[in-house]
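I would ask you to keep the structure in view while I go through it.

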Amino acid sequence: MLSIHFLLDLSIILLSTKLLGLFTRKIHMPQVVGALLAGIILGPSVLGMVHETDFISKMSELGVIVLMFQAGLDTDFNELKKCGKASFIIALMGVVVPLMGGLAVASFFNNDGNFFNLSNQKLIENIFMGVILTATSVSITVETLQELGKLKTSAGTAIMGSAIIDDILGIILLTIATSFNDPSVNILYSLIKIAAFFLISIVSGIIFRKIFIFLSLRHGPKRRLSLFAFSFCLILSFIAEAYFGIADITGSYIAGVIISNTVHSDYIESKIEVLSYLLLSPIFFASIGINNDLSSAGSSLLLFTVVLTVIAILTKVVGCGLGAKLCGYDNKSSLQIGVGMISRGEVALIVANKGSAINLLPKQFLGSIIAVVIFSTLITPILLKLAFKENIYFTHRAA
């Protein structure tokens, strides 16, 4: 029987994540940073007030499914059409370069410095750490660009389009990586299962979308539409993991994409956001800190964190910047695009948490990933303002 103590844990988590979230927003940082810090402070790293329980674990899993469902609902295909080819090249380079950089760093630190002699399991773990670095979260970039009045510039539009494609590529990589987790599974068979899942998703998506549009037009923005949409998300999440060995968050993301841009998708998103904001999202982000004891980190892990953070920043700037340069952007715009893609945010945390749950990411490295996410989030607005500094100067002088 579930102990009644979970009510107290829940209230502490919700209040602390909100209070620290408000604090971080006041200093122009995303509230997700405050939620992460709340989990670290409440957990074994600092106060030890709240510990991982089955209830927190299950609610956290539901929280990550809802977050990825929201990410799918936010996917704007009209934005992709504006700069589709350039955004794809920028996103592709912004995935390949960080993947290689993360793999290189992990191959050294996750094998006692023996870079080349890797077991299959170690190789998969190292590839997965590279996959985590491919993630991009541009929420802080959008806030900064809006403040600077540069969101609608060519660089701003390219960042937004590339971030959408980056998410899609990241989900595909996550799907492949999680499918290879079982060493007894044939690689070709895994790829066939992945292809089969996406095919079934497309077919079921077309059918559900038609039914959904019909119901939307007939009944208007009724609350039942949100229930149907969320149920579809949960069903696709279950099918993905139970029958295809693919991460459940892949199914939830695809469900969101299928429903996005339908008649009442904004209404549905507003209802799902309430569920996420009030309960599930705070639990998920806090649980990451609660589930990890950062106080036990040794000097080698500290060095790994520093190196991984540097690589995380440089590979995005170089990868996305080079992709922009190949698409005809000038040097300054290419730098702005690269810097705008640095922040990892909640996407990297979601991927890392999933990897840790299925033993693709060694537990001792999860704290380093959290540090990378926090630092990349903090440094992005500072570097972005520097990247646009000359433009701002000329704008003010002209005024």
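The structure holds 10 aromatic pairs. The term covers rings of Phe, Tyr and Trp (its six-membered ring) whose centres lie within 6.5 Å; planes under 30 degrees apart count as stacked, over 60 as edge-to-face and the rest as tilted. One of the pairs joins Phe-208 and Phe-212: with ring centres 5.5 Å apart and planes at 25 degrees, the pair is stacked. Before I continue, please note that this is a predicted model, in which local features need pLDDT of at least 70, side-chain atom pairs count only at pLDDT 80 or more, and totals for chains, interfaces and linings use all residues. Residues are numbered from 1 along each chain as its sequence is written, and side-chain values use heavy atoms, with hydrogens and water left out.

Where do Phe-208 and Phe-212 lie? Both belong to helix H9 (residues 187-219), and because they are four residues apart there, about one helical turn separates them. Helices (H or I, at least four residues) and strands (E, at least two) are DSSP runs, numbered from the N terminus. Phe-208 counts as buried because its relative accessibility is 16%, and Phe-212 is buried as well, with a relative accessible area of 2%. Here buried means under 20% relative accessible area, exposed over 50%, and partly exposed in between (1.4 Å probe, protein chains only).

An edge-to-face aromatic pair is formed by Phe-238 and Tyr-243, at 5.8 Å centre to centre and with 90 degrees between the planes. Tyr-243 counts as exposed, since its relative accessibility is 59%. Ring pairs also link Phe-108, Phe-109, Phe-304 and Phe-365 into a cluster.

I turn now to charged side chains. How many salt bridges does a search of the whole structure find? The search finds two, where a salt bridge is a side-chain nitrogen of Lys or Arg within 4 Å of a carboxyl oxygen of Asp or Glu.

One of them joins Lys-58 to Asp-54, and the closest N and O atoms are 3.1 Å apart. These two residues are separated by about one helical turn, because they are four residues apart in helix H3 (residues 54-73). Lys-58 counts as exposed at 53% relative accessibility, and Asp-54 is exposed with a relative accessible area of 54%.

The other salt bridge is between Asp-166 and Lys-316, where the closest N and O atoms are 2.9 Å apart. This pair links distant parts of the chain: Asp-166 belongs to helix H8 (residues 154-179) and Lys-316 to helix H13 (residues 299-326), 150 residues apart. Are Asp-166 and Lys-316 buried or exposed? Both are buried; Asp-166 is classed this way because its relative accessibility is 1%.

Let us stay with Asp-166. Its side chain makes a polar contact with the side chain of Thr-136, at 3.4 Å, and one with the side chain of Lys-316, at 2.9 Å. A polar contact is a pair of N or O atoms within 3.5 Å; within protein, one must be able to donate a hydrogen and the other to accept it, and residues adjacent in sequence count only if both atoms are side-chain atoms. Not counting residues up to four places away in sequence, Asp-166 touches several residues, among them Ala-91, Gly-94, Val-95 and Met-341. Contact means heavy atoms within 4.5 Å.

Helix H13 also contains Val-317, which is buried, with a relative accessible area of 18%. Leaving aside neighbours within four places in sequence, Val-317 is in contact with Leu-322, Leu-335, Gly-338, Val-339 and Ile-342. Val-317 and Gln-336 are 19 residues apart in sequence, and their C-alpha atoms are 8.5 Å apart in space.

Finally, the protein as a whole. It has 17 helices and zero strands. Of its 399 residues, 53% count as buried. Among contacts with a separation of 6 or more, 80% are between residues 24 or more positions apart. The protein exposes about 18,300 Å², of which carbon and sulfur atoms supply 68%; accessible areas come from the Shrake-Rupley method with a 1.4 Å probe, and for residues only the protein chains shown count as cover.
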